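Me: Hi! Could you walk me through this one with me? I'd like to start with the charged side chains.

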Amino acid sequence: MQLDAESLAASLERVTQLVGRLASTRGISLATAATLRTLQRRGPCRLSELAVHEGITQPAMTQLVSRMERDGYVERRSCADDARVVLVHLTPAGEDLIRRRRDERARRLTELAGRLAADDRAAIAAALPALERLIAAHTPRTGAPEA
């Protein structure tokens with residue numbers, strides 16, 4: 001079977017939109033949620049790295065990090081190797097927020113999947129390893145997600 005990349009892209013866009021709507025935002029923006037997930041995956045980052053990774057300007061990322069810091073989701077710390085460098089770290093409250101949002105999404109996806117036929121649920125489950133390999137194909141050898 002030939003892969004229809006255009007159909008795949010369109011379906012993944014719709015799935016991404018669906019998943020984004022499944023967890024209540026509880027007062028956080030999509031940019032906040034994305035940045036918290038990036039910090040969870042990549043670990044502490046410089047503001048400039050976060051801005052590039054999230055596709056926003058450094059001043060916008062500075063404002064976003066300031067709000068997230070005020071809300072207790074991140075903190076800025078000096079780098080152990082170079083005290084001039086400030087890294088943004090995810091706090092336990094930030095980790096908890098990500099976990100709660102992911103748990104809520106999983107619960108709601110379980111409910112939605114329950115409306116599907118068993119064959120459809122099996123097909124989705126069978127596709128997961130291939131989707132993970134697709135994601136990994138976009139990840140550089142360093143293990144960090146590509147910007």
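Me: Which residues are linked in a network of salt bridges?
Reply: Asp-96, Arg-99, Arg-100 and Asp-103 are. A salt bridge here is a side-chain nitrogen of Lys or Arg within 4 Å of a carboxyl oxygen of Asp or Glu. This is a predicted model, where local features need pLDDT of at least 70 and side-chain atom pairs count only at pLDDT 80 or more, while totals for chains, interfaces and linings use all residues. Residues are numbered from 1 along each chain as its sequence is written, and side-chain values use heavy atoms, leaving out hydrogens and water.

Me: How far apart are the closest N and O atoms of Asp-96 and Arg-99?
Reply: They are 2.3 Å apart. Asp-96 also has a salt bridge with Arg-100, at 2.9 Å from N to O.

Me: And where do Asp-96 and Arg-99 lie?
Reply: Both are in helix 5, three residues apart, or about one turn. Helices (H or I, at least four residues) are DSSP runs numbered from the N terminus.

Me: Switching to Arg-105, is that one buried or exposed?
Reply: Arg-105 is buried, yet has no salt bridge. Buried means under 20% relative accessible area, exposed over 50%, partly exposed in between (1.4 Å probe, protein chains only). Its nearest side chain of opposite charge, Glu-104, is 7.9 Å away; Lys and Arg count as positive, Asp and Glu as negative, with His and the chain ends not counted.

Me: What is Arg-105 in contact with, leaving aside neighbours within four places in sequence?
Reply: Val-19, Gly-20, Leu-22, Ala-23 and Arg-37, where contact means heavy atoms within 4.5 Å.

Key. Helix = DSSP H or I, 4+ residues; strand = E, 2+ residues; numbered from the N terminus.
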